[in-house]
Amino acid sequence: MSNQTGSIKPFIPDEPIIRVDGLIKNYGQVTALTGISFNVRRGELFGFLGPNGAGKTTTINILTGLARADSGIIEIDGQDCAHNPKSAQHLIGIVPDESNLYPELSGFDNLCFCASLYGMKKEDRINQARQLLDDFGLSEAGERKFAGYSKGMKRKLTIAAGLIHKPSILFLDEPTTGIDVASARHIRQLIQNLHGNGTTIFLTTHYIEEAERLCDRIAFIVGGRIVLVDSVAHLLQSLQEKQVLLMSVPGLNQKIVQSFAQAFSNFQVEMVDRNQLRIEANSSISLAPLVNFLAAHNLEVLEARSLHPSLEDIFVKVTGLQVDMMKKEREKNGGGGQ
Ligand SMILES: Nc1ncnc2c1ncn2[C@@H]1O[C@H](COP(=O)(O)OP(=O)(O)O)[C@@H](O)[C@H]1O
Ligand SMILES: [Mg+2]
């Protein structure tokens with residue numbers, strides 16, 4: 001009786017299931033993590049968004065006990081994982097960026113082997129392996145050797161393996177990088193289903209649209225530093241209130257742009273080049289006063305285009321990086337073999 005009462009945890013809304021504070025990791029002279037802090041809430045789909053080398057894999061490896069931090073606090077479901085890295089092992093599933101499965105074993109045997117590592121009973125191993133092959137559309141391929149799978153199938157089986165013991169927290173390291181579009185779409189759908197069933201998901205990605213589409217909250221990580229953590233809903237809402245206008249005005253110079261910015265001080269004004277002005281506002285922009293002001297300075301507005309700001313704009317602003325950097329990354333990974 002007393003045992004039972006003792007095991008009931010009070011329900012605390014927004015109680016973090018993962019708590020990280022001041023995590024530092026150096027590899028020799030390279031600082032991979034500079035002292036990052038964040039929380040992941042129970043049932044949340046939390047995204048780590050950042051370019052190559054940002055520290056995403058290092059963070060996952062440390063949280064899952066595959067690497068040790070130099071210092072910092074890690075708590076997973078109340079367990080002190082900084083001092084006892086394996087203490088939350090039964091709760092978590094890990095899907096590394098590169099497969100850790102056996103090429104010579106079949107898909108089914110790989111899943112059964114993973115299940116045995118968690119001490120699952122034979123019957124449970126077989127049932128769960130069959131169920132996962134079915135969920136991931138791999139039933140027919142189940143008897144074939146893993147070595148012969150396509151990249152997309154390999155990634156799916158690696159995710160299935162991470163789910164074999166029905167973990168309540170799943171860590172996914174760039175789950176859709178380097179695979180075909182259809183498999184990536186299928187994997188996103190499976191991630192959404194898992195999220196819908198209450199699994200807490202920690203996902204790393206360098207695809208801005210993927211983070212926007214899947215995640216409840218996003219941490220932007222660059223150079224081992226978290227530069228922003230916010231909910232996607234809040235980020236998108238803040239964008240809706242913004243208007244961005246691109247005006248084509250040949251013959252601009254700094255002096256005119258300065259007086260323009262003074263005259264319209266509630267707008268953010270930027271001279272893109274000698275022919276273009278970019279104007280950003282938190283309310284709608286009426287064009288006539290702007291055109292009149294420029295006409296009074298003998299400048300003609302040839303074209304004015306309203307832009308829809310996206311999460312990419314926020315990314316560029318908070319990270320100081322160009323979005324191209326992430327896109328090039330995608331092409332490189334998408335095309336490269338492994
Ligand atoms: N085993 C390692 N030895 C030395 N440096 C490493 C090692 N692993 C990662 N790094 C460095 O740490 C930084 C973060 O790497 P990583 O966590 O893999 O980034 P991401 O997963 O975001 O691409 C990079 O500068 C990388 O070169
Ligand atoms: Mg990585």
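Domain bounds here come from an automatic or database domain assignment. For this chain, that assignment gives domain 1, residues 9-236, and domain 2, residues 243-308. The centres of domain 1 and domain 2, taken over C-alpha atoms, are separated by 46 Å.

Some ground rules before the details. This is a predicted model, in which local features need pLDDT of at least 70 and side-chain atom pairs count only at pLDDT 80 or more, while totals for chains, interfaces and linings use all residues. Residues are numbered from 1 along each chain as its sequence is written, and chains are lettered from A and ligands numbered from 1 in the order in which they are written.

The overall picture, then. The C-alpha atoms of the chain fill a box of roughly 85 × 50 × 40 Å along the principal axes. The chain has twelve helices and 14 strands; these are DSSP runs, H or I over at least four residues for helices and E over at least two for strands, numbered from the N terminus. Of the 338 residues, 33% are buried, meaning that 20 or more other C-beta atoms, placed from the backbone, lie within 10 Å of the residue's own. Two residues count as in contact if their C-beta atoms, placed from the backbone, lie within 7 Å. Taking contacts between residues at least 6 apart in sequence, 68% join residues at least 24 apart.

In which order do its four strands lie? The order is 2-1-4-5, in an open sheet with antiparallel pairing. Strand 2 and strand 5 (79-80) are at the edges with a single partner strand each, so one side of each has no neighbour in the sheet. Helix 2 packs on this sheet, touching strand 1 (16-27), strand 2 and strand 4, and its direction makes about 120° with that of strand 1. For that angle, axes are lines fitted to C-alpha atoms, for helices over the stretch in contact, and angles run from 0 to 180 degrees between N-to-C directions.

Pairing requires that DSSP finds at least two bridges between the strands. Strand 1 pairs with strand 2 over nine bridges, and L23 has I36 as its bridge partner there. The two strands form a hairpin with two residues between them, where G28 takes a positive phi near 60°. Strand 1 also joins strand 4 through five bridges, with I24 partnered by S71. Strand 4 (residues 71-76) joins strand 5 by two bridges, and E75 stands opposite D80.

Now ligand 1. Which residues surround ligand 1? They are Y27, V30, A32, G50, N52, G53, A54, G55, K56, T57 and T58. The elements giving two or more residues to this shell are strand 2 (30-41) and helix 2 (56-63). Helix 2 gives the most, three residues. By class, the shell has four nonpolar, six polar and one charged residues. Here Ala, Val, Leu, Ile, Met, Phe, Trp, Tyr, Cys and Pro count as nonpolar, Asp, Glu, Lys and Arg as charged, and the others, Gly among them, as polar. A residue is near a molecule if its C-beta atom, placed from the backbone, lies within 6 Å of it.

Last, strand 13. Strand 13 (residues 276-281) runs antiparallel to strand 11 (residues 243-248), joined by six bridges. Strand 12 (residues 268-273) pairs with strand 13 over five bridges, also antiparallel, and these two form a hairpin with two residues between them. L277 of strand 13 stands opposite M247 and is also the bridge partner of M271.

Methods. A residue is buried if 20 or more other C-beta atoms lie within 10 Å of its own, exposed if 12 or fewer, and partly exposed in between; C-beta atoms are placed from the backbone.
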